[in-house]
Every structure is written in C-alpha cells, then in structure tokens.
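Here is a protein chain to walk through together. Have a look at the structure first, and then we will take its features one by one.

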Amino acid sequence: MILIADSGSTKTDWTLLLSSSEENTNKVIATFKTQGITPIHQTAADIRQILGQELMSQLSTFPRAHLVSMGVLDTSLVQHASVCFYGSGCTPAHVPMMKQVLSEVLSPKDVEVHSDLMAAARALCGHDAGIACILGTGANSCLYDGEQIVQNTPALGYILGDEGSGSVLGRLFLNVIFKNPKMANLRDKFLEETKQTQADIIKKVYNEPMANRYLASTSTFIIEHLDNPTLRQLVIDNFRQFFRSNIDPYNRKDLPVHFVGSMAFHYRSQLEEAAKLEGYTIGQTLQSPMEGLIKYHS
C-alpha cells in the first residue's frame with residue numbers, strides 16, 4: 001500500500017493507493033485532506049500537530065469494512081504503508097526533518113520525500129522529457145529529462161520571486177486598487193465584500209503568518225472580475241513575467257510547457273495568451289498533480 005501526499009502552502013491532498021504488481025492494477029482506497037505542510041514556514045512541532053490532529057484522526061476513523069470490501073484483508077497495513085510525500089518547501093535541507101516527522105507520526109514501512117516540483121514533473125511528464133511548472137499559491141518550474149530534474153530556475157519565494165503565482169498576483173492586485181484612482185470603485189467593492197479595511201490588509205500582510213496564503217486568496221475576487229481590462233491585463237502580465245524570468249533560461253522553446261496548479265487551471269485562457277506572446281506552447285494543464293502521481297506510482 002502507498003500513501004501519496006501532494007502538499008502546497010494551502011492544503012495537502014493524501015491518497016491511499018493499493019497497488020498490485022501481480023495483477024498490474026491499482027485501487028484508490030481512500031482520499032484525505034489536511035492543511036498545507038511546508039517545512040520552510042513550519043516547525044517540526046507544527047507539522048507533527050497537523051499530521052496527528054488532521055491526518056491520523058481521519059485514518060483512525062476510516063471504516064475498516066470498506067477496506068475489506070476493497071480487498072484489503074490486513075487493515076493494519078493502513079498504518080504501515082509506504083509514504084511518498086511531495087511538498088512545497090521540501091528542499092534537500094528540509095528533507096531529513098520531513099522524513100523524521102513522517103516516520104515518527106505515521107510509522108510507515110518506508111518514507112520518500114520529494115519537492116512539489118518533482119511531483120509536477122512526474123505527474124505532467126511521466127518518463128518523458130519536458131518543462132514542468134507549478135502555478136498556485138507559489139510558482140516554480142524545471143527542465144525534466146524523464147527521470148531527473150536537470151535544470152531549475154530558483155523560485156525565490158513570493159517576496160523575491162514567484163512570478164506568475166497567486167501570491168504575487170495578490171500583491172499586484174492590492175497595489176493597483178489602492179494606488180490607481182481609476183480602480184477606486186473596484187477597491188471599494190473588494191473591501192465591502194471581504195469586510196476588510198486597508199489597515200486590516202496591512203496587518204495580514206506584515207504582521208500575521210502565512211502572508212502568501214492571504215495574498216493568493218484575493219484570486220477568488222479577481223477571477224470574478226476579469227471583465228475589468230486592468231485586472232485581466234494584470235493577470236496576463238504576471239504570467240508573461242513568469243515565462244521571461246523562469247522559462248527563458250532553459251532556452252527550450254521547442255518543448256511544450258506543462259502546468260499544474262490552481263492559477264494555471266483557472267486562468268488557462270490568460271496563460272495561453274501570455275505564452276503565445278512570449279513564444280511558447282502550452283501542453284497539459286492540471287489543477288492537481290495527484291491523478292498523474294497515481295499513474296506514475298502504479
């Protein structure tokens with residue numbers, strides 16, 4: 001049995017997979033959701049708490065009768081599956097800590113920890129070469145040779161980089177509605193709908209944790225007002241900067257560019273327009289890499 005995790009800044013999707021090498025089949029036994037786990041922003045204690053309170057509670061209450069009906073006779077295996085965790089912020093420096101915490105809380109048979117970028121590459125490209133990108137709360141990209149990531153433009157996070165991401169779009173959005181007098185009506189509508197003041201926004205961005213999540217949350221409002229020419233152009237320009245800063249360094253305009261993440265999925269039209277203007281062709285666009293990861297691990 002394999003427990004696959006795909007974790008971003010906002011949420012973690014978990015899939016318990018029963019894979020049979022003899023029958024060459026796989027079954028999705030169960031799916032779970034917890035809040036996002038990012039070792040760059042969270043301590044080991046924070047991650048233990050999320051795993052214990054959110055994941056283990058769901059695993060412990062999962063009906064064993066359902067497992068038996070799916071052909072899992074030894075239901076204790078749920079607690080001893082192989083774990084393959086893909087996560088935002090799982091850099092080489094943070095992998096040992098993630099492995100230790102997952103081992104302590106889940107008691108798995110074995111643990112693998114990879115970056116969310118590897119999840120995107122495996123889900124989008126499988127065993128073929130390609131350019132794989134993440135556009136969600138954060139942003140990242142890589143050149144993948146079918147087995148390994150061979151080149152990566154540093155994402156640098158939402159303050160120094162993350163062009164194309166939801167957090168950067170949120171920052172650009174808040175900047176323009178407060179500084180451009182022509183956006184005053186839209187600013188007032190945003191404040192009214194979200195029941196916030198300018199002071200509230202400043203506090204959330206500068207004084208509260210997970211500012212990137214807050215900034216990305218403004219996308220809910222933005223996507224409902226894309227009929228506004230300024231907002232639509234803001235989205236396109238954000239994507240164009242992503243291509244210029246992150247994809248151009250690969251010098252591979254011969255390859256299609258594949259995407260995973262909410263920004264790419266929900267703003268597909270604007271992403272395609274930006275790609276065309278920058279001379280690129282869009283390949284697959286997935287909201288979540290999980291379907292591709294299940295196929296990869298089969």
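L156 is exposed, with a relative accessible area of 57%; here buried means under 20% relative accessible area, exposed over 50%, and partly exposed in between, using a 1.4 Å probe and protein chains only. Before going further, please note that this is a predicted model, in which local features need pLDDT of at least 70, side-chain atom pairs count only at pLDDT 80 or more, and totals for chains, interfaces and linings use all residues. Residues are numbered from 1 along each chain as its sequence is written, and side-chain values use heavy atoms, with hydrogens and water left out.

Back to L156, which sits in the loop between β8 (149-151) and α5. Helices (H or I, at least four residues) and strands (E, at least two) are DSSP runs, numbered from the N terminus. The phi angle of L156 is near 70°, a positive value in a residue other than glycine. I159 belongs to helix α5 (residues 157-160) and is exposed, at a relative accessible area of 67%.

Another positive phi in a residue other than glycine is found at K195, with a value near 55°. K195 lies in the loop between α7 (184-194) and α8 (198-206), and its relative accessible area of 72% makes K195 exposed.

Now to the charged side chains. A salt bridge is a side-chain nitrogen of Lys or Arg within 4 Å of a carboxyl oxygen of Asp or Glu, and by this rule the model has nine salt bridges. Among them is a network that links K11, D13 and K33. K11 pairs with D13, their closest N and O atoms being 2.7 Å apart, while K33 meets D13 at 2.5 Å, N to O. Because K33 lies in strand β3 (residues 25-35) and D13 in strand β2 (residues 11-20), this pair ties together parts that are 20 residues apart in sequence.

Next, find R48 and E104, whose side chains form a salt bridge of 2.8 Å, N to O. This pair links distant parts of the chain, with R48 in helix α1 (residues 44-61) and E104 in helix α3 (residues 95-106), 56 residues apart. R48 is partly exposed at 33% relative accessibility, and E104 is partly exposed at 41%.

Finally, turn to the pair of helices α6 (residues 166-179) and α11 (residues 229-247), whose axes come within 10 Å and cross at roughly 145°. Axes are lines fitted to C-alpha atoms, for helices over the stretch in contact, and angles run from 0 to 180 degrees between N-to-C directions. The crossing of α6 and α11 is right-handed; a crossing is left-handed if the near helix is turned anticlockwise from the far one by less than a right angle, and right-handed if clockwise. Which residues meet here? On the α6 side they are V168, L169, L172, F173 and V176, and on the α11 side T230, L231, L234, V235 and N238, where contact means heavy atoms within 4.5 Å.
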